[in-house]
Amino acid sequence: MRDERQTMLTPEQAVDRLEAMHAEAVRAQRDALVRFAAGGAPPDRTERQGFRYPELCLHWAPNGPVPTTRRAWGKFQAPGRYATTITQPGFFRAYLLEQLRPLVAEYGASIRVEPSDQEMPFPYVLERGDELADSGASPAELARYFPTPLLSAVGDEVADGLWTTEPGQPRPLALFDAVRVDYSLQRLLHYTGSDWRRIQPWILLTNYQRYVDQFVRWGLDELADPASPYQQLVAPGGAVASRGDDAAEAAARLAGAPWQRFQMPAYHLARGDGQGGVTIVNIGVGPSNAKNITDHLAVLRPHCWLMIGHCGGLRQSQAIGDYVLAHGYLRRDRILDDLVPPEVPIPALAEVQVALQEAAARVTGERGDALKQRLRTGTVVSYDDRNWELRWSQERRRINLSRAIAVDMESGTLAAQGYRLRVPYGTLLCVSDKPLHGEIKLPGTASAFYQRAVGEHLNIGLAALDLLRDDLAALHSRKLRSFDEPPFR
């Protein structure tokens, strides 16, 4: 008979148990790896049983009226058992408690935590990743005796609505299981040059390094401001500037960060009040990069990601330096067509749209008709072909039918990924050229444009995040959730 104490756990006790079981599984496999790498015996079948993720299981058997809530998450769609494997429960503690508490308090769900059948791949238990580099153990030998990453076991079936529940099996409790999360945590380190623990829940995505440079300058100013809630700025490669550091030394330290080594370098400005700081990622150019990074950022369950970058203006009435607030997307990027077919609408999120428009008004000091002169709302077309202009005769009618007002290569993908992976999203672009009207970026005019526009544009994005942070409950709306959604956000 199962230990009764395991079926009566409070949310706090459940997360404590998850932390203890995960830590023990990591310790057991690390010890076995060190022993084997030093020429010792490989783990036998019994020892390998300890290399498994913990499983979090909830059971809901209603015996009265079903609770009603306007909350978009933390609710059950049907009675029964729900389960998922968990990794890094210490890092996700606040998130796990936030999800579990209403399920217990409002629905009366019971919680159980026990070892799962899902093995923990050995690369995910190594802290640095190079601990076995000098050992005599070959990759083939390690794979023979230890669990290895199997991409066939890593998938997004729950997020993509492809999961099926077999008789007697639990429903999914969350969008991502442990092995999917661990896979992405490793990828985030690889692409961004940052420890995934540094990534903040409010994310700006850009396609120009100039925005990152401006973010660093702004972050250093925040650290020097005694009234600012920000406490630490972390660069790719691990360089850190903290409140109280000498300003010149901190700036030099961050300037020396090896961001060029990483495909999508990220900088993280952390707060000291528990409300979540800001991360900016230079995703580069193209929809493939946009999908790649958001596939991995999504496992952290961020509150929002916003695209702030440059676009081509498609209307004669636009001027270089104007803003485009996307309220629709013509997805000609094609990269997500199988996962989110083009006929599926990607809605604009009202909370994000309002925040971006209000932030633009506050930063520019303009409202009403004056703001409309500089900020236009409309459809953005995103291409996978940077030289789409060479196909203008084929694309002209489609652009006209969509009433698109701007063109880029990332926004449609980022919005579709936010929709698909249930992360609130938004797009505010700055017109940097007008390819259909002969206004292109020449070296001299481009430099002047960048100096004038980037700082203001970045400040609008940051101000929008501040507005969203103040109304978090409204941000996580039901627009992104399906009818058979897992209980966890």
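Welcome! These exercises walk through a predicted model.

**Exercise 1.** Is Tyr107 buried or exposed?

*Solution.* Start with the relative accessibility of Tyr107, which is 9%. Buried means under 20%, so Tyr107 counts as buried.

**Exercise 2.** Work out what kind of aromatic pair Phe76 and Tyr107 make, and which parts of the chain the pair ties together.

*Solution.* Step one: searching the whole structure gives 16 aromatic pairs. Step two: in the pair of Phe76 and Tyr107, the ring centres are 5.3 Å apart and the planes stand at 85°, so this pair is edge-to-face. The cut-off behind this step is that planes over 60 degrees apart count as edge-to-face. Step three: Phe76 belongs to the loop between strand E1 (52-60) and strand E2 (80-85), while Tyr107 belongs to the loop between helix H4 (93-105) and strand E3 (110-119), so the pair ties together parts 31 residues apart in sequence.

**Exercise 3.** Do likewise for the rings of Tyr95 and Phe488.

*Solution.* The centres of these rings are 6.2 Å apart and their planes are at 90°, so Tyr95 and Phe488 form an edge-to-face pair. Finally, both Tyr95 and Phe488 are buried.

**Exercise 4.** Find out which residues have the most contacts inside the largest nonpolar core.

*Solution.* The largest nonpolar core has 115 residues. Leu56, Leu58, Leu204, Leu205, Phe215 and Phe488 have the most contacts inside it. Helix H14 (residues 443-469) gives the most to this core, namely nine residues. To look around Leu56, set aside its neighbours within four places in sequence; its contacts then include Ala14, Leu18, Tyr82, Leu100, Val113 and Phe488. Another core lies apart from the largest one and has 21 residues, including Ala25, Phe36, Ala37 and Leu142.

**Exercise 5.** Which ring lies under the charged end of Arg71, and which under that of Arg271?

*Solution.* Take Arg71 to begin with: its charged end sits over the ring of Trp73, 5.5 Å from the ring centre. Then turn to Arg271, whose charged end sits over the ring of Tyr230, 5.3 Å from the centre of that ring.

Methods. Residues numbered from 1 in each chain as written. Predicted model: local features only at pLDDT ≥ 70, side-chain atom pairs only at ≥ 80, totals over all residues. Heavy atoms only, no water. Phe/Tyr/Trp six-rings, centres within 6.5 Å; stacked < 30°, edge-to-face > 60°. Helix = DSSP H or I, 4+ residues; strand = E, 2+ residues; numbered from the N terminus. Buried < 20%, exposed > 50% of the residue type's maximum accessible area, 1.4 Å probe, protein only. Lys NZ or Arg CZ within 6 Å of the ring centre and 35° of its normal. Core = buried A, V, L, I, M, F, W, Y, C linked by side-chain atoms within 4.5 Å. Contact = heavy atoms within 4.5 Å.
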